[in-house]
Amino acid sequence: MQSTDLLLGPPPLDLLSTASLFLDFDGTLVELINRPDQVRADADLRNLLLRLSDALPDRVAIVSGRSIEQLDLMLGEAAHHLALAGSHGAEFRVEGEAAEVAIPLALPQITAAMDAFAATRPGVLVERKTLGAGLHYRAAPEHEADALALARALAREHGLYLQPGKMMAEVRADGDKGRAVVRLVQGAAMAGTTPLVFGDDVTDEAGFGAAAHLGGAGVLVGDPRETQATYALPDVAAVRRWLAQAVERLS
Ligand SMILES: O=P(O)(O)OC[C@H]1O[C@H](O[C@H]2O[C@H](CO)[C@@H](O)[C@H](O)[C@H]2O)[C@H](O)[C@@H](O)[C@@H]1O
């Protein structure tokens, strides 16, 4: 791991020419907001992703904690031009082919327990996902400790994963962004490329580590922290600027 006081710089623009690109979604391509259900990719972002997929055919992937169903809703048509690894690397859709997934049997019970918790705590939201459920407290941070305790207890009771996130905690099926990067980069379309992984959250660290192991690099988005990334960009706007400049060089 790099140390937090080692300030990382932006990736060189020419890295994109030999790269396969792995992009996290929330906090990397779109700003974080209080309501996860209201996030949508704006027209600029959709166009940028289409330009990237034209310049790097089958070499651009979204690797997200969101489910593929959510990514389809938020990205619209652009989602069908990209490889997708959803649910923190537990779900895949590549070249239009979706891999089968095993939905946790306890998901209805978990969601019901979270609903009951949120019902008495204004501002707390429950997010329904294909392979898990999330408790969000961005609008009611005073409930953080109780939300984390409930998510931890539910994960333990049902043999699932506790996934802490930014102002949320999720109970979910097994999945790992590092394994997702390895799996995608082994596909024919990405053969011979080096992975370049952009992300802001703790689950992106596995992707950064996998990228470095494969001769590529991670790009941490946001404030400095302990990280396996090699490069950093300060925010969503800087990521979009970097991608636009890098793809411009390819054309
Ligand atoms: O891997 P990602 O694509 O970054 O997804 C991680 C989680 O992102 C979402 O939560 C975050 O964004 C929300 C909307 O801006 C925000 O309200 C929340 O506080 C953030 O943690 C998403 O809702 C989760 O399902 C993803 O796992």
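Let's start with the open sheet, which has four strands in the order β6-β7-β9-β8, paired in antiparallel fashion. The edges belong to β6 (125-129) and β8 (161-165); each has a single partner strand, so one side of each has no neighbour in the sheet. On average, neighbouring strands here are turned by 20° against each other, direction ignored.

Keep in mind that you're looking at a predicted model. The protein has a mean pLDDT of 96, with 98% of its residues at 70 or more. As for the overall scores, ipTM is 0.99 and pTM is 0.96.

Back at the sheet, β6 and β7 run antiparallel and are joined by five bridges. If you look for Lys-129, you'll find it opposite Gly-132 in β7. Helix α4 packs on this sheet, where it touches β7, β8 and β9, and its direction makes about 10° with that of β9.

Now for the helix pair, α1 and α7. Their axes come within 10 Å and cross at roughly 35°, and the crossing is left-handed. Here is who meets whom:

| Helix | Residues in the helix | Residues at the contact |
|---|---|---|
| α1 | residues 43-55 | Leu-45, Leu-48, Arg-51, Leu-52 and Ala-55 |
| α7 | residues 236-250 | Arg-240, Leu-243, Ala-244, Val-247 and Leu-250 |

Sorted by class, this contact of α1 with α7 has eight nonpolar residues, two charged ones and no polar ones.

How values were computed
Residues are numbered from 1 along each chain as its sequence is written. This is a predicted model: local features need pLDDT of at least 70, side-chain atom pairs count only at pLDDT 80 or more; totals for chains, interfaces and linings use all residues. pLDDT is the predictor's confidence in each residue, from 0 to 100. Two strands pair if DSSP finds at least two bridges between them. Helices (H or I, at least four residues) and strands (E, at least two) are DSSP runs, numbered from the N terminus. Axes are lines fitted to C-alpha atoms, for helices over the stretch in contact, and angles run from 0 to 180 degrees between N-to-C directions. Two residues are in contact if their C-beta atoms, placed from the backbone, lie within 7 Å. A crossing is left-handed if the near helix is turned anticlockwise from the far one by less than a right angle, and right-handed if clockwise. Ala, Val, Leu, Ile, Met, Phe, Trp, Tyr, Cys and Pro count as nonpolar, Asp, Glu, Lys and Arg as charged, and the others, Gly among them, as polar.
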